[in-house]
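The model in question is shown below.

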Amino acid sequence: MDSATSTIHHLPDAILTEILARLPLRSISRLKSVSKTLKATLESVYFRRLFVSLHKDSSSSWSLCSHRGKKLIGFHGCKTWDLPKSLGSFISVPLGFKFKASSNGLVLIERYDHDCSYVGNPVLQQWVKIPQLPCGYCGVLGLVTRVDEDGVVLGFKVVRIASSVMRNDHASYTLNMFVYSSETGIWTSKILQCPHLITGYGARATNLNGTIYFVILHVPGVVLAHDFYSNSDQFMFVHLPEHSNHSNNGGVDGALTTSRGFVMYVKSLVQKRGTVLKVWRLNNDESWQLLCEINGLSISGSFVPIAMHPFDSDIVYLWHQESPRHLVSCNFFDKLVSCNLRTETLIDPAREYHGNFYMNLSGFEEYMDEIGSSRPSDWNYGALNGLFQSVLPRWMEPVPRPPQVEMIYTTSLPSYVACCLTEQEEKEE
């Protein structure tokens, strides 16, 4: 027994708990192997709540990734997790797979031929294989999670949409959905009524507290939402604030995103006096509240919001429609910093909660090249349709799964998938 382990065993329990609760989650995870008694302490509800309380003012690791798993923007090295590298670096998408959705540290990836998908926590290196639907492929609408008051992930659901049928009143649609639950390990059918036809599954979608919110591109100024942990059979719809029916990007002139536990809508508008940037928050009563407004920003051209800092609603990230290799971080509280993708620039490090903020400039340039063939008027939709924000929770728990489903532990999901495919091909031969 080394001196450090001996010290742990001889400290009074109360003092030891207070000390350990100030460590980052990565260190706490390692200490679980010291003894069964210490493991029980570190996994207790009291310790979890103490840790969350002590780290409530600390940011957590997060990344903005492309559908291929390329990390584009993010933050790591925080006191909560103390990751040695960016969250996006842990997300390794196997060849032939796409990043489809994320929620509270869990990510959903799916193979291009739609016959194989996984949900997992890339940092904990835990994965659950999602069974195929017996009726064939259905488009992914999203991934939602259920959390407790401390932000601990208790369960997840994968949501797919099978079909939509216009009702007899010709004013609404009946949607046939399939929902996989981590609590049961099976797919169930869910029939929902929706005032609009849903197309472009997952486009402009975000999720929060079990609810998927998304903009319908062919219906100007409307946000649809449904809580998949509720018993309701109706989609909620909310009108976007200050929406213009003459928008240049398919009826959407802003970004729907989340920050500090709320759904946010960010809109930029070019005027003669300069660019105007506004941020609204969706309240619990389904009303929009204007939080921030900056008039006459000293940036030229049309900038499209792509995301907000998940823990700081003062920070918005934008990109240039005419010059897609130009990024801007707008800080309502402090300052505006601009960076060109060919220059490595650290954005406002003082506001990044004692961690490391980064931009993968080469990755962003590669992503912009992928959508570069689109018309400028389509870039807002095209860019956001392929971007996913992944945020780690403030506490670590194993990936939720029912008892009959095997947990996959692997340091490399691509290698695991490749081995499974090889074994499958050998059996078929």
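The protein chain has nine helices and 25 strands; helices (H or I, at least four residues) and strands (E, at least two) are DSSP runs, numbered from the N terminus. This is a predicted model, in which local features need pLDDT of at least 70 and side-chain atom pairs count only at pLDDT 80 or more, while totals for chains, interfaces and linings use all residues. Residues are numbered from 1 along each chain as its sequence is written, and side-chain values use heavy atoms, with hydrogens and water left out.

Of the 429 residues, 53% count as buried (buried is under 20% relative accessible area, exposed over 50%, partly exposed in between; 1.4 Å probe, protein chains only). The chain exposes about 19,700 Å², and carbon and sulfur atoms supply 50% of this area; the areas come from the Shrake-Rupley method with a 1.4 Å probe. Among contacts (heavy atoms within 4.5 Å) with a separation of 6 or more, 52% involve residues 24 or more positions apart.

**Sheet**

Four strands form an open sheet in the order E11-E12-E13-E14, with antiparallel pairing; two strands pair if DSSP finds at least two bridges between them. Strands E11 (205–208) and E14 (236–239) stand at the edges with a single partner strand each, so one side of each is left without a neighbour in the sheet. E11 is joined to strand E12 (residues 211–215) by four bridges, and Ala-205 has Phe-214 as its bridge partner in E12.

**Salt bridges**

The whole structure contains twelve salt bridges, each defined as a side-chain nitrogen of Lys or Arg within 4 Å of a carboxyl oxygen of Asp or Glu. Three of them are listed here.

| Pair | N to O distance |
|---|---|
| Asp-82 and Arg-26 | 3.7 Å |
| Arg-49 and Asp-150 | 3.2 Å |
| Arg-146 and Glu-183 | 2.7 Å |

Asp-82, in the loop between strand E2 (71–76) and helix H6 (87–90), is 56 residues apart from Arg-26 in helix H3 (residues 25–31). Asp-82 is partly exposed at 30% relative accessible area, and Arg-26 is partly exposed at 28%.

Arg-49 lies in helix H5 (residues 45–54) and Asp-150 in the loop between strands E7 (139–147) and E8 (153–166), so the pair ties together parts 101 residues apart in sequence. Arg-49 is partly exposed at 41%, whereas Asp-150 is buried at 15%.

Arg-146 in strand E7 and Glu-183 in the loop between strands E9 (173–181) and E10 (187–194) are 37 residues apart. Arg-146 has a relative accessible area of 32% and Glu-183 one of 45%. Salt bridges that share partners also join Arg-48, Arg-49, Asp-148, Glu-149 and Asp-150 into one network.
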